[in-house]
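The sequence and structure are shown first.

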Amino acid sequence: MPLWRRALLAISGLMGAAGIALAAAGAHMGGENLTSAATFLLIHAAAVAGLSASGSAMRGQGISASLLALGAILFSGDLAARVFWGERLFPMAAPAGGIIMIAGWLSLTVYALVSRR
């Protein structure tokens, strides 16, 4: 398996673990931001794992998986930072993460429509 696919699978595993941890923290501490962060990480961890583990060509799927991972990490990281540190990761981190996730899903759509495999 190529290095980038392995890296994306590892990242998806970390995203899943962080999602579970944030869900537990949100349940015990109470907090919409932690619950939202957990949900986005868990959903996108599964998508990134699926895209990375598939046996087909990686170019289009790899771009989509990379965008989904980056966007979810930025978005969820910013929400968690607000709870744990009382401040943002950086200005516009959550909106940028959201836009990157949207771009990831749209890039997957384009890949599916133009792919000949």
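Phe40 counts as partly exposed at 31% relative accessibility, where buried means under 20% relative accessible area, exposed over 50% and partly exposed in between, with a 1.4 Å probe and protein chains only. The model is predicted: local features need pLDDT of at least 70 and side-chain atom pairs pLDDT 80 or more, whereas totals for chains, interfaces and linings use all residues. Residues are numbered from 1 along each chain as its sequence is written, and side-chain values use heavy atoms, without hydrogens and water.

One aromatic pair is counted, under the rule that ring centres of Phe, Tyr or Trp (its six-membered ring) lie within 6.5 Å, with planes under 30 degrees apart stacked, over 60 edge-to-face and the rest tilted. Phe40 and Phe75 form this tilted pair, 4.6 Å centre to centre with 50 degrees between the planes. The pair links helix H2 to helix H3 across 35 residues; helices are DSSP runs (H or I) of at least four residues, numbered from the N terminus.

| Residue | Relative accessible area | Class |
|---|---|---|
| Phe75 | 17% | buried |
| Asp78 | 0% | buried |

Asp78 lies in helix H3, residues 59–84. Beyond its neighbours within four places in sequence, Asp78 contacts Arg88, Leu89, Phe90, Ala93 and Ala94, contact meaning heavy atoms within 4.5 Å.

Helix H2 (residues 32–53) has 22 residues. Its buried residues include Leu34, Leu41, His44 and Ser52. The buried residues of H2 pack against helix H1 (3–29), H3 and helix H4 (93–114).

Note on methods: Helices (H or I, at least four residues) and strands (E, at least two) are DSSP runs, numbered from the N terminus. The expected span of a helix is 1.5 Å times one less than its number of residues.
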